[in-house]
Each structure stands twice: as C-alpha cells, then as structure tokens.
Amino acid sequence: MSSSALRDRLRKAQFLEGLTDSAIHQLAKIATLTTYEGDQLLFDEGSPREFLAIIASGAIAVEKGANGRPIRLVTLGAGQALGEGLLLDDSPHGTSARAVQRTEAFVISAAQVQEMVKEYPTLYAALVGRAARSISQRLAATDATLVGHGRTLGFTGARTRVEHDLLGDREVPEDALYGVQTLRALENFPITGTAIREFPVLIEALAAVKEAAALANAELGLLDRTIADAIVRASQELRAGRHHEHFVVDVIQGGAGTSTNMNANEVIANRALELLNRERGDYDAVHPNNHVNLSQSTNDVYPTAVKIALHRAIEELRTAMRQLAEAFLAKGQEFSGFIKMGRTQLQDAVPMTLGQEFTAFGHTILEDVDRLGEAQALIREINMGATAIGTGINAPPGYAATICRELSRITGLAMITAPDLVEATADTGSFVQLSGVLKRCAVKLSKICNDLRLLSSGPRAGLGEINLPAMQPGSSIMPGKVNPVIPEVVNQVCFDIIGGDVTVTMAAEAGQLQLNVFEPVIAYRLLRSIETLEASCIVLRERCVNGITANPDRMRHFVEHSIGIVTALVPVIGYEHSTSVAKEALETGKGVFEVVMARGLLTREQLDRILDPQAMTGTPHAPLPTPHAR
C-alpha cells in the first residue's frame, strides 16, 4: 500500500480524529497494516502488552474469562483502538482479544511506541489523550454489559439526550445506543439479572430479521434506499458481534417481547443515524418504529428471531454432543478387550465387555443428535408478515414472501412462511417439541452420568471398575477422598433442564386467543437449556470421559465370582449342570469357575474361551468338547 493510501485510511479512524496531517504522516511511517483471520487470538488475558492496534476493517471482540469460559465484554470495529493501554503503562492485559471476522488493523509495536516517545513526542501525547478517552468509553460499555451483575443501569455518564414516547419525555444517557423505551424496560423488569446481551445468538437473529425487513421494504418501495442501507449496515454490525453491550433489557419481561424488539429497533436506529452522520436520537431521519420496525410487529419479529437463534444454538449443541459421543465410542474401542459383568436391577446379569457399555453410551447420545435435527426442521417455519395477530395489517402485498426470501439468504437457512399466519402467531408447538427433545437429551445424559458414578464407586468398597480423572480434593474433612464432580455437575444441569421443560410447557399452555405473551420465558428457558447442555457436554468430554481408565483385573474377578456367569455356560454344559453349579456356588461361597473346574465340567482354557471378549461382541468361538458329568 502506498504511503498516501495508508495516510488516507488512518485519517478515517475514529480513534485518530482531530490529529494533524503532520501527526498522521508520522504515524504512517511506523504503523504496519496487519491482517487477522476470523477467530484468531490477538492477545490473551495476563499476557504482556506488545502492541497497539487501530482497526481498519472487520471486528475484534474483547473478552474476559469467567469459570473457564470467555465472556464478551465489547466488540470493536473499524476506527477503534485496541491495546491502547500500552501508551499508559506496562501492566499485562486484563482481557483477551479475538478477531470476530477477517480484520485489518494498523499495528504499532511496543518498541515503536518507545521510538515515538523519543522521535515524535507531540504525536505520543496526542495518542495518550485519545487512549485515556477510549478506555473510559470502553469501561462504560463494560458497565452496561454487566447490568444485573452488581451494576446498575450502565451508560450513566453526565451527558444525556432527551427522548419522547407515549408516556412523556425522559433523559437517556448520551453514550447509549438504546433509547427511551429500552430505558423504561430497564426500570420495569429488574427480574433475572440476565440481559439479552448474554444471548448473542438472539441479538444476531434480531439483526438478521431487521436487515431482511429493511431490504424487503426497500424492494417494495416503502423505505428510502438511503435509510434502508443505513439500517442494513447497522444490522450487519450487530450480526458481526458489535454493539451487543447496548442490549440491556432483562430477558424475562412483560409485553410478549416488545421491550426486546424495541431495544433492537432503538440500537439499530441510533447506529444508522451515526452512519448517516447524524446525532443519536434524531429520529426524524431514522425512526425506531417508522423505519426500523416498518411492516413488522413484535408478534412476528420476536418469535422469528427466537427460532433463528435456537436453530444456531441447536447446531452448536449437536456438535458438542457428537464430540461427546465420539469420545465414548473411542473409549468403547479402547475397552473392547475388557470383560465385565453386566447388571440389571443392580444385580449381576450376564457377561459383556466394558467396550460394549461405553459404545452404547456413544450411540444413545447420537440418537438424540438426530432428534435435535428433527426439532430444527420444525422451527424453520416462521410467521414474518403476520404483524400483530396474523392478518398482516400494515404489511404490503408480497411482503411475507419477500422477507422470507431475504431472511433465508442472510441466515443461510431454508426458512418457510407458515401457511396460516393467524395459527402460527398463536402457536408455540415447535417450542414445546424442542423442549421435550432437550428434556430427553438431559434425561439420557444424566443416566449416563449416574452409571459413570456407579461404575467408579468406591474405589475400594464399591464397584471400582473404572477410574474417573481426579479433578479436585473431595472433602474438607476426609483426607484422600476424591469425588466424581464432573458427572455430578452434569447431573445438576440435567435436572435444571428437566424442570425448564415444565416452565416451557406451562408458558405454552397459558397463551390466550391470538397471541402467547409468555414467549420471553420460553425463549429464556430454551436458550439457557441449550447453552448449559452444550457446556456440560464439553466439560464431560474434556474433563471426564477422555481421561477414564479401566480396572480389568477387578472386572474379571467380579465375572469369575459372579453367579450370573452360569448363564454364559448354559449353551456349553447345559441348563441342569448350570443350575447345580449356581446352587453350590451360592451355598459355599465359592466362585463359579472354581466349582466348574472342580467338577471337571470344563478346563480353565475352555472357560477362558467362553469369556473371550470376542465372544461378547458376537464373534463365535470354536466348538467346545461335549461336556461330561463327573
């Protein structure tokens, strides 16, 4: 890139706004244009500060680790700076940064900053001032991100703007992209402390709906192309992960999701105004209702967005479940040569291999991956174009088909417009179906965790057939005790999901007439259940299943001393001999093998052939000699 082109791109950066041409020229000499691919880590929490980056294009997420998982605090876009703390001190990074998509940035290394201090002190001073302001603004955004987690409303700076709605005028923080209706929702619904920004898939789904609506309205001649383009650009920024910190209303709310819809309308409207070089709140130019919500109602926007969000979340859950199933299947292969006693009703039954047991765990999970795929197909039916109750009032002819086409293109999903929009607006059957499948997944996964805990019990005074990885000391009073904490936590998640199914069921049943106003709690329970179930599958795989080991000698001992082994001997020594052997073993306390060999019914070699793990997997062994009675 030529020096003049580099300077031109630097001039466009918001972070550098107001710098003199001389300062831009100096900066261009030392900055390097660097490309980061999507999901590339720029720096990690706790790592030393090595560079300052000014984003030229794309988006970078700033994240903070919590309970082993990253929480996105804010997403930065073109013109904003990252790592500017390097200009202020040499403390390590307090957050991580990751490219959300392919991103270009002007990078200045720590060594170049030191050079700048000596060679261009005026430029350095100008950048320090901008760094302090940038960090202050980011902290305000982080405050908003943490609403309900020990913080109040966030975006509570001294500067405000006045906005007006049905109930009158209110002062809204100037730094907030949301508006007066979001402000009222913040005050009215301090319920769970969980803001909708904690569900990025929902925000991105809302943005997809708004983008599709703007394009449909422009195509049908209802919306000025300039306004439509600004709405589309703002929506695309949301879909790239930007501005999520402004989605602050509680996920559970009255009004059938109106507050969530208006939060989206206001954020998109104000960001569109910025893109048009107008002030936030200048709704004569871009209005949340008249333009962003044109031809829509909360009653078609909200359920459609929830379905799109659920579809993506389900796909991520299915991936996590497949990976967990593969881990069990790999253990099944590893344990295929270890014979053990199968049990029914907690009593000895017949021999099997530990590999068969673990393979069955994998297959039962894969069954539910398929069931989730079936539930996905149901939620691709949407009611966009229904508006308030399904009659399509205020939506033009052809709008439903047009927005469905645009939404399919934007999301990459084959969306279908419901054949009866009145029915579709009142119906929540697909949510109930999905909730039932999630309950099924939770029930089966919890059962597997129960089995893992039982098989590893003891380890000396229980079954002790397998060893779960030791994750942490198990007791504050009993030295040496290690508990199966990973299966235990997954059990608890599953209990919560099973209870959540009751919530979804009751909320779906309680809808009246043409609308179910309880969709917010349905959305909350489904999204949270999918999120926690996905996390549980990852944790169970990484911190438990992958590290499980077997105790083959102990399992073999149980087999040889179990009365249940006689069932495997029936085809060889006959039912009568098997019954007699079982009776003697029970009465004397001897092992079945001991009794059989003592009677001369079978040799040790023959018994080993019967219990060959290949025989347990259906591979026939060579015929044994005809048994004889002693």
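Predicted model: local features only at pLDDT ≥ 70, side-chain atom pairs only at ≥ 80, totals over all residues.
Residues are numbered from 1 along each chain as its sequence is written, and side-chain values use heavy atoms, leaving out hydrogens and water.

**Overall picture**

Along the principal axes, the C-alpha atoms fill a box of roughly 105 × 70 × 50 Å. The protein has 22 helices and 16 strands; these are DSSP runs numbered from the N terminus, with helices being H or I of at least four residues and strands E of at least two. Of the 630 residues, 51% are buried. Buried means under 20% relative accessible area, exposed means over 50%, and partly exposed lies in between (1.4 Å probe, protein chains only). Among contacts with a separation of 6 or more, 73% join residues 24 or more positions apart, a contact being heavy atoms within 4.5 Å.

As for charge, there are 59 positive and 72 negative charges, and their mean positions are 4 Å apart. Lys and Arg count as positive and Asp and Glu as negative, while His and the chain ends are not counted. Each charge is placed at NZ of Lys, CZ of Arg, CG of Asp or CD of Glu.

**Inside the protein**

The largest nonpolar core has 120 residues, and Leu 452 and Leu 540 touch the most other members. Such a core is a set of buried Ala, Val, Leu, Ile, Met, Phe, Trp, Tyr and Cys residues joined through side-chain atoms within 4.5 Å. Helix α10 (residues 298-334) gives the most to this core, with 16 residues. Setting aside neighbours within four places in sequence, Leu 452 is in contact with Phe 328, Phe 358, Phe 361, Ile 466, Leu 468, Leu 540, Cys 544 and Ile 548. A second, separate core of 25 residues includes Ala 13, Leu 19, Leu 86 and Tyr 120.

Helix α5 (residues 180-188) is worth a look too: Val 180, Thr 182, Leu 183, Arg 184, Ala 185 and Leu 186 are buried there. Their cover includes β9 (160-165), β10 (168-173) and α8 (258-275).

**Salt bridges**

The structure holds 40 salt bridges, each defined as a side-chain nitrogen of Lys or Arg within 4 Å of a carboxyl oxygen of Asp or Glu. Here are some of them.

| Pair | Closest N and O atoms |
|---|---|
| Asp 282 and Arg 278 | 3.1 Å |
| Arg 440 and Asp 368 | 2.4 Å |
| Arg 599 and Glu 584 | 2.8 Å |

Arg 440 in helix α14 (residues 429-455) and Asp 368 in helix α11 (residues 354-378) are 72 residues apart, a link between distant parts of the chain. Arg 440 is partly exposed at 32% relative accessible area, whereas Asp 368 is buried at 2%. In the pair of Asp 282 and Arg 278, Asp 282 is partly exposed at 23%, and Arg 278 is partly exposed at 44%.

Finally, a network of salt bridges links Glu 237, Arg 242, Arg 271, Glu 274 and Arg 280.
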